[in-house]
Amino acid sequence: MASRRHAEALILAGRVTVNGLVVRALGTRADAGRDRITLDGERIPAPGARRTIVLHKPRGVVSTLGDPEGRPTVTTLVAGAGRVYPVGRLDLNSTGLLLLTNDGVLAAGLLHPRRAVTRVYHVKVDGTPSEEAITRLRRGVRLADGKTAPAHVRVLERLPTKTWLEVTVVEGRTHLVRRMCEAVGHRVDKLARMRFGPVALGTLPPAAWRDVTPRELAALGAAAGIRPGGAPAPARRARDRRPRTPRPQPGPPPPSGADGGPSARPGARPRAPRPRPRRPPP
């Protein structure tokens, strides 16, 4: 019915009900298979079978469900796959592998920063990056929204005025690879995603799509932290923040000459305890 961000706006506006009750709290749980969920009074149908597909996104296509500027979207390319939505995005001028699914748990797990799912890109940049520039990419580059995680970078081909690089990252920030290359002084001419986690683009032609194989789906589920039964893995337990019992601190020394303390006489040595006399054996 909507993207995740648009769905949150619909909920906050009070346009969504669950079993007749208006729901405004984000994160409220409901089961689309058992509960009656409506948007503006119209019931949302129960989801069908889960489906995940691989699309070779061509240049000039937007990775969204709709575009206010009227540009072509990926949904027009996968019309025969049913209602699926992109897992992450590729910008307008980028090409390559784009996953689309109707499995919200799988999509959320693959995009969660804690999962650190790898993305492999082939990038054509202007000029010839120096070893120093490549080392900066490998160690992480400082951008306006923070330093990037270390990337795996290798040179694929050097041309007279261009260079092809393979860049592997574990983050999904907007225009991340383009901004990283520009930060080290090399504008991106072409960018294609070749792999997302365990799924590779392979020989799939531009604008074509296919269903993921059972083996790929199982590997995607493992990368997303989904258990074999389809449930997400439990989150890490938060550390116990209860205040601990403070350790007893040593008190002030006893006053001079009291309770076994040193004698009050200045310069006097402490007297050693006298040994007790032993009783003779009977």
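**Terms and their grounds**

Modeller: Leaving aside neighbours within four places in sequence, T168 is in contact with T118, R119, V120, A151 and H152. The model is a predicted one, in which local features need pLDDT of at least 70 and side-chain atom pairs count only at pLDDT 80 or more, while totals for chains, interfaces and linings use all residues. Residues are numbered from 1 along each chain as its sequence is written, and side-chain values use heavy atoms, with hydrogens and water left out.

Biologist: What makes two residues such as T168 and T118 a contact?

Modeller: A contact requires heavy atoms within 4.5 Å. T118 is listed among the contacts of T168.

Biologist: Why is T168 called buried?

Modeller: Buried means under 20% relative accessible area, exposed over 50%, and partly exposed in between, with a 1.4 Å probe and protein chains only. T168 has a relative accessible area of 16%, and therefore counts as buried. Of the 282 residues of the protein, 31% count as buried.

Biologist: What is meant by a nonpolar core, and which residues have the most contacts inside the largest one?

Modeller: A nonpolar core is a set of buried Ala, Val, Leu, Ile, Met, Phe, Trp, Tyr and Cys residues joined through side-chain atoms within 4.5 Å. The largest has 30 residues, and L100, V123, V167, V169 and V177 have the most contacts inside it. Elements that each supply at least two residues of this core include β5 (52-57), β7 (95-101), β12 and α5 (176-183). The largest share of this core, four residues, comes from α5. Apart from this core lies another, of 16 residues, among them V87, L110, L201 and L220.

Biologist: What does V169 touch, not counting residues up to four places away in sequence?

Modeller: V169 touches V117, T118, R119, Y121, A151, L176, V177 and M180.

Biologist: How do you know that β5 and β7 are paired?

Modeller: Two strands pair if DSSP finds at least two bridges between them. Six bridges join β5 to β7, so these strands meet the definition; they run antiparallel. In β7, L99 is the bridge partner of V54. Strand β6 (residues 85-86) also pairs with β7 in the antiparallel sense, over two bridges, and Y85 stands opposite T101 in β7.

Biologist: In which sense do β7 and β13 run, parallel or antiparallel?

Modeller: They are joined by two bridges and run parallel; T95 stands opposite A192 in β13. As for cover, six of the seven residues of β7 are buried.

Biologist: What makes one side of α4 its buried side?

Modeller: The buried residues of α4 are A133, I134 and L137. They cover an arc of only 95° around the axis, which puts them on the same side of α4; the arc is that of the directions from the helix axis to the C-beta atoms. What covers these buried residues includes β11 (152-158) and α5.

Biologist: Which exposed residues does the face of α4 turned away from its buried side carry?

Modeller: That face carries E131, E132 and R139. G140, whose phi is positive, near 110°, follows α4.
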